[in-house]
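Biologist: I'm new to this one, so please walk me through it.

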Amino acid sequence: MSEGKDCGGGDALSNGIKKHRTSLPSPMFSRNDFSIWSILRKCIGMELSKITMPVIFNEPLSFLQRLTEYMEHTYLIHKASSFSDSVERMQCVAAFAVSAVASQWERTGKPFNPLLGETYELVRDDLGFRLISEQVSHHPPISAFHAEGLNNDFIFHGSIYPKLKFWGKSVEAEPKGTITLELLEHSEAYTWTNPTCCVHNIIVGKLWIEQYGNVEITNHKTGDKCVLNFKPCGLFGKELHKVEGYIQDKSKKKLCALYGKWTECLYSVDPATFDAYKKNDKKNTEEKKNSKQMSTSEESDEMPMPDSESVFVIPGSVLLWRIAPRPPNSAQMYNFTSFAMVLNEVDKDMESLIPKTDCRLRPDIRAMENGEIDQASEEKKRLEEKQRAARKNRSKSEEDWKTRWFHQGPNPYNGAQDWLYSGSYWDRNYFNLPDIY
């Protein structure tokens with residue numbers, strides 16, 4: 001769906017913006033003159049949430065806004081709801097889970113750490129959802145979100161604790177926390193966790209990103225599972241960005257195979273056809289290996305070039321999802337997608353509606369978006385010091401922080417520790433909010 005289209009419908013659900021922008025106010029700064037190594041060499045093996053990074057390595061979005069990018073392909077949720085067959089629904093949910101991480105490709109800027117009590121809302125009449133998120137904990141940093149379909153067809157919610165580790169040449173982000181999608185018309189709930197994301201070459205060379213690990217999506221009503229393997233790129237880049245797996249019923253019978261790349265597309269195909277293709281592909285690879293004398297070099301952190309840019313489509317496959325191309329100015333705009341480009345826009349109508357904790361009103365992010373890098377840096381420092389002082393005052397008075405829109409509790413479907421929406425945000429009754437900016 002085109003981001004530039006008028007959203008229409010100025011009803012109470014709308015929070016102001018009708019025609020979305022297609023560019024940021026200012027292009028990004030070059031990071032070439034800055035050495036990330038000078039900061040990170042002190043931190044090998046440490047968790048990075050406690051380290052203050054210079055603003056030049058950021059992108060002008062809060063992590064709460066970055067999380068909202070899960071919603072870019074909401075049409076896949078609507079599509080899942082429209083199917084009467086539970087396997088077809090699972091295929092769409094799997095495509096949605098893969099598409100949710102697609103915007104991370106080439107996004108090497110770090111989002112700003114949300115301040116405790118920071119919130120973000122997004123209403124998209126054109127895409128059929130509204131979302132609210134809140135930073136519910138600072139140490140460890142936990143972000144909770146809750147989105148709902150404007151036609152009461154779905155609820156999508158979760159809490160994410162991104163655990164960052166530095167390993168010398170790369171930074172690894174493990175997004176701990178459960179993600180839940182409820183398809184209300186079918187009384188169905190699905191849960192999963194996201195794959196691990198790794199940024200390579202952070203000291204020297206071109207930064208590049210891979211995602212790896214297993215993602216297991218469970219349909220709690222039917223017992224069906226979809227197990228997807230996000231493959232690490234391997235030594236010669238053959239597996240770069242690949243995702244593959246199966247949907248199976250509760251007795252583990254394979255119902256269908258899924259394959260593709262998280263940067264591009266996802267297909268479904270009959271499992272027997274897929275297994276035969278895999279067997280043949282493996283045989284060909286081994287033959288190639290034997291014909292080439294492979295030199296054993298030290299494993300490199302350089303970005304491998306995949307065999308071919310696109311996915312080989314196995315005959316009989318059905319396309320479930322394909323990524324929308326990025327806008328032509330994306331490279332100058334932090335590699336943002338069209339969807340990301342609009343996340344921080346604000347106008348007078350919206351400003352009068354949103355609470356003062358919304359990250360669109362955060363001065364350091366706003367300054368960076370406007371190209372005022374020194375001001376962004378000063379504001380970031382000021383906000384971090386203000387947050388530390390507030391925490392000190394609370395500990396003196398032995399006062400506990402109270403979250404506003406979410407409460408801690410077990411996930412209703414898998415029992416894992418979660419943060420659940422308490423309701424009433426959209427009543428627009430914002431009193432006694434913390435002064436965090």
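**Salt bridges and helices**

Biologist: Let's start with Asp275: how accessible is it?

Modeller: Asp275 is partly exposed, at a relative accessible area of 30%. Buried means under 20%, exposed over 50%, and partly exposed in between, with a 1.4 Å probe and protein chains only. This is a predicted model, where local features need pLDDT of at least 70, side-chain atom pairs count only at pLDDT 80 or more, and totals for chains, interfaces and linings use all residues. Residues are numbered from 1 along each chain as its sequence is written, and side-chain values use heavy atoms, leaving out hydrogens and water.

Biologist: Which residue forms a salt bridge with Asp275?

Modeller: That's Lys254, with the closest N and O atoms 3.8 Å apart. A salt bridge here is a side-chain nitrogen of Lys or Arg within 4 Å of a carboxyl oxygen of Asp or Glu. Lys254 sits in strand S14 (residues 254-261) and Asp275 in helix H5 (residues 271-291), so the pair ties together parts 21 residues apart in sequence. Helices (H or I, at least four residues) and strands (E, at least two) are DSSP runs, numbered from the N terminus. Lys254 is partly exposed as well, at 37% relative accessibility.

Biologist: How many salt bridges does the structure hold?

Modeller: There are 23. Some link up: Lys231, Glu239, Lys242, Glu244 and Lys278 form a network of them.

Biologist: What about Glu148 and Arg130, how far apart are their closest N and O atoms?

Modeller: 2.7 Å, and the two form a salt bridge. Glu148 belongs to strand S5 (residues 142-149) and Arg130 to strand S4 (residues 129-137), so this pair joins parts that are 18 residues apart in sequence.

Biologist: Are those two buried or exposed?

Modeller: Glu148 and Arg130 are both buried. Compare Lys348, which pairs with Glu351 at 4.0 Å between the closest N and O atoms. Lys348 is exposed, at 67%, while Glu351 is partly exposed, at 38%. Both lie in helix H7 (residues 348-353), 3 residues apart, or about one turn of the helix.

Biologist: New topic, helix packing. At what angle do H3 and H4 pack?

Modeller: About 170°, with their axes 8 Å apart; H3 covers residues 75-82 and H4 residues 86-99. Axes are lines fitted to C-alpha atoms, for helices over the stretch in contact, and angles run from 0 to 180 degrees between N-to-C directions. That makes H3 roughly antiparallel to H4, the word for angles over 145 degrees. On the H3 side the contact (heavy atoms within 4.5 Å) uses Leu76, Ile77, Lys79 and Ala80, and on the H4 side residues including Arg89, Val93 and Phe96.

Biologist: How many residues of H4 are buried?

Modeller: 13 of its 14, so H4 is largely enclosed by the rest of the structure.

Biologist: And H9, how many residues does that helix have?

Modeller: H9 (residues 373-396) has 24, and reaches 35 Å from its first C-alpha to its last. Its buried residues include Ile373, Ala376, Glu379 and Leu383. Among what covers the buried residues of H9 are strand S1 (58-62), strand S2 (110-112) and helix H8 (363-369). Just after H9, Glu398 takes a positive phi of about 50°.

Biologist: Zoom in on Leu383: what is it in contact with, beyond its neighbours within four places in sequence?

Modeller: Leu115, Arg362, Pro363, Asp364, Ile436 and Tyr437. The C-alpha atoms of Leu383 and Asp364 are separated by 8.2 Å, with the two residues 19 apart along the chain. Leu383 counts as buried at 1% relative accessibility.

Terms used:
Angles under 35 degrees count as roughly parallel, over 145 as roughly antiparallel, 65 to 115 as roughly perpendicular and the rest as oblique. The expected span of a helix is 1.5 Å times one less than its number of residues.
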